[in-house]
Amino acid sequence: MLNVSLSPHVHSGNSTQKCMGQVLVGLSLALLWSFWQFGLGAVVVTVSSVAFCVLFEFLITRFLMNEKTRLDDLSAVVTGVLLAFNVPSNLPIWIIAIGALVAIGVGKMAFGGIGANIFNPALVGRVFLLIAYPVQMTTWPVEAGYADVATGATPLALFKMGNYEALPDALDMLIGQTGGAMGEISALALLIGGIYMLVRKTITWHIPVAVLVSAFVFAFAFYGCPKLALMQLLSGGMILGAFFMATDYVSSPMNSRGQLLYGVMIGFLTIVIRRFGAYPEGMSFAILIMNAFTPLINKYVKPQRFGVAKK
């Protein structure tokens, strides 16, 4: 007979606050680059997004759920930064407020708060805004500023139009000399942040590698050109999604085999949506779709139980 005590059984010294802090550190280089690239617009969008996410989480927790607020875990701050990374840097503040309310109120607190949400909250807010305000959410600045800035087509928009000759150089896409959302313009900065989180063991390699390899393979299959397949990885929210959003602890599978399957399907769905869907970008939709399948993956893709023989 075994007497099993209540969990937790292992203490690692880790905490939600530490994990969220490491995610913010990982995003910091890309955030600074976006400030340089878009100037005041990136600052306004980021500060507004974070402030509204923190405010709405406080109000909902305190007055609707009648619970003690836990803003010091930094999860609302991470949601705010990720939401800012997924919208144009000239988005009106009132639209940012609506996105933050949906992200926190619907994507997170409606399920019970941190640890209970089944979808990535920032992506819930982003997809809602994309559907509700498609014009504002697809008008991309190509210069610094906030109001009355020049706009232009993003690399993914050029992909969608089939105008491959007008695509920017791969090096420009890697460094961040293109238009797009704050989380789309510098693949290199995001890669450095992702590697930092891997080194700190904030995340594991399974989901990012599975997403990127799968996306490259299927992009090569659909476009028939390795250069175009590589550009698919460097454009849009591919790197941001693979390292910072698909790896969300709550909405991703628990074991490594499940994470590999989850990542492969995200990469596949992203390229399918980009190639055949109505929107140029597909990462947000792919992650949310696979978030819905996470409980099923956890149910059927399990590690062997201790003491149980293989069938």
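**The second largest cavity and its neighbours**

Modeller: Three helices, α5 (121-132), α12 (238-245) and α14 (283-300), each contribute at least two residues to the lining of the second largest cavity; helices here are DSSP runs of H or I with at least four residues, numbered from the N terminus. The model is a predicted one, in which local features need pLDDT of at least 70 and side-chain atom pairs count only at pLDDT 80 or more, while totals for chains, interfaces and linings use all residues. Residues are numbered from 1 along each chain as its sequence is written, and side-chain values use heavy atoms, without hydrogens and water.

A cavity is a set of points on a 1 Å grid, over the protein atoms alone, where a 1.4 Å probe fits but cannot get out, and its lining residues have an atom within 4 Å of a point. The volume of this one, the space filled by probe spheres set on the points, is about 70 Å³. Its lining has 13 residues, and Asn86, Gly237, Glu281, Met283 and Ser284 are the closest to its centre. By class the lining divides into 6 nonpolar, 4 polar and 3 charged residues, with Asp, Glu, Lys and Arg counted as charged and Gly among the polar ones.

Glu281, one of those closest to the centre, also forms a salt bridge with Arg274, with the closest N and O atoms 2.8 Å apart; the term asks for a side-chain nitrogen of Lys or Arg within 4 Å of a carboxyl oxygen of Asp or Glu. Both partners are buried (under 20% relative accessible area, 1.4 Å probe, protein chains only): Glu281 has a relative accessibility of 8%, and Arg274 has 3%. The whole structure holds 2 salt bridges.

Two of the lining helices have a further neighbour in α10, since its buried residues pack against α12 and α14, as well as α7 (155-161), α11 (226-234) and α13 (256-276), contact meaning heavy atoms within 4.5 Å. Among the buried residues of α10 are His206, Pro208, Leu212, Ser214 and Tyr223. After α10 comes Gly224, with a positive phi near 70°.

Methods:
On a 1 Å grid over the protein atoms alone, a cavity is a set of points where a 1.4 Å probe fits but cannot get out, and a pocket is an open set with protein on both sides within 12 Å along at least five of seven lines; lining residues have an atom within 4 Å of a point. Buried means under 20% relative accessible area, exposed over 50%, partly exposed in between (1.4 Å probe, protein chains only).
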